[in-house]
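This report covers the chains, their contact and the confidence of the model shown below.

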Amino acid sequence: MRIEIPTILWAIWFIVISTATILATLRAVIGPTNSDRVVGLDTWTTITTGFWVILALFFFQFVLLSVAMVYAILSFLGVLVIARYLERGL
Amino acid sequence: MLNVVLGWLGAILISIGVFFLFLGALGIFRLPDLFNRLQAGTKATTLGVISTSIGVGLLVKGWLPFSVALAVFLLMTNPISSHAVARASYRAGVKPYPGTSPDECAKRNLDFSGEGEEK
């Protein structure tokens, strides 16, 4: 890394992003319709992609960036498939 | 000197990105109906994850091409998936909440049976 990141900054990033994940999970659980659950799931996976990127920086592993890429691709395909299911049925 | 400037620029970008990810999740949790939630949960989190990814690319030598590729991929695919979800749920009968005053899509006489495009 180019600089040493202070520990308090790591703590703030992790706490804020964990709170965001919990909020999106709550919407995915309590959503009134199935579409709300899909929206919550979509947001959840996007937030988790950002979390993988920060984890790649934390553990200093380049491989985890590839994990984030694959996660984004799979989340995109999954949301498209669920949207098609909501529109027409399988 | 350049390392310090780029490093702190990356840290600031990651902080902005994390903040916008949190705002997206807050909008998902608080907004009244599906389409408002979709807007908050897609726009804000797209900016957040792009900013986070480019910040990480600036912080480490040699990671910038892959993180820019990740950002461009998310910038392309995230609006597509949100558009697909919005269209599908409008056709499936999810109504906007009453505060949405001009519901332009209702005037368009859509075929809600779900078989309009396959013929």
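## Confidence and architecture

In chain B of this predicted model, confidence is highest in α1(B), at 93, and lowest in α3(B), at a mean of 91; pLDDT is the predictor's confidence in each residue, from 0 to 100. Chain B averages a pLDDT of 86, and 89% of the residues score at least 70. For the complex, the predictor gives an ipTM of 0.90 and a pTM of 0.87.

Residues are numbered from 1 along each chain as its sequence is written, and chains are lettered from A, and ligands numbered from 1, in the order in which they are written. As the model is a predicted one, local features need pLDDT of at least 70 and side-chain atom pairs count only at pLDDT 80 or more, whereas totals for chains, interfaces and linings use all residues.

Chain A has three helices and zero strands, in the order α-α-α along the sequence. Helices (H or I, at least four residues) and strands (E, at least two) are DSSP runs, numbered from the N terminus. The table gives the overall values for chain A.

| Property of chain A | Value |
|---|---|
| Radius of gyration | 16 Å |
| Box of the C-alpha atoms along the principal axes | roughly 50 × 25 × 10 Å |
| Buried residues | 40% of the 90 residues |

A compact globule of 90 residues would have a radius of gyration near 12 Å; the radius is taken over C-alpha atoms, and the globule rule is 2.2 Å times the number of residues to the power 0.38. A residue is buried if 20 or more other C-beta atoms, placed from the backbone, lie within 10 Å of its own.

## The contact between the chains

Chain B brings 46 residues to the contact and chain A brings 43 residues; two residues are in contact if their C-beta atoms, placed from the backbone, lie within 7 Å. On the side of chain B that touches chain A, α1 (2–30), α2 (34–59) and α3 (64–91) of chain B each supply at least two residues. The most come from α1(B), with 16 residues.

Helix α2 (residues 34–59) of chain A and α3(B) have axes that come within 10 Å and cross at roughly 170°. Axes are lines fitted to C-alpha atoms, for helices over the stretch in contact, and angles run from 0 to 180 degrees between N-to-C directions. α2(A) is therefore roughly antiparallel to α3(B), a term for angles over 145 degrees. Residues making this contact include V38(A) and D42(A) of α2(A) and S81(B) and V85(B) of α3(B).

Terms used:
A residue is buried if 20 or more other C-beta atoms lie within 10 Å of its own, exposed if 12 or fewer, and partly exposed in between; C-beta atoms are placed from the backbone. Angles under 35 degrees count as roughly parallel, over 145 as roughly antiparallel, 65 to 115 as roughly perpendicular and the rest as oblique.
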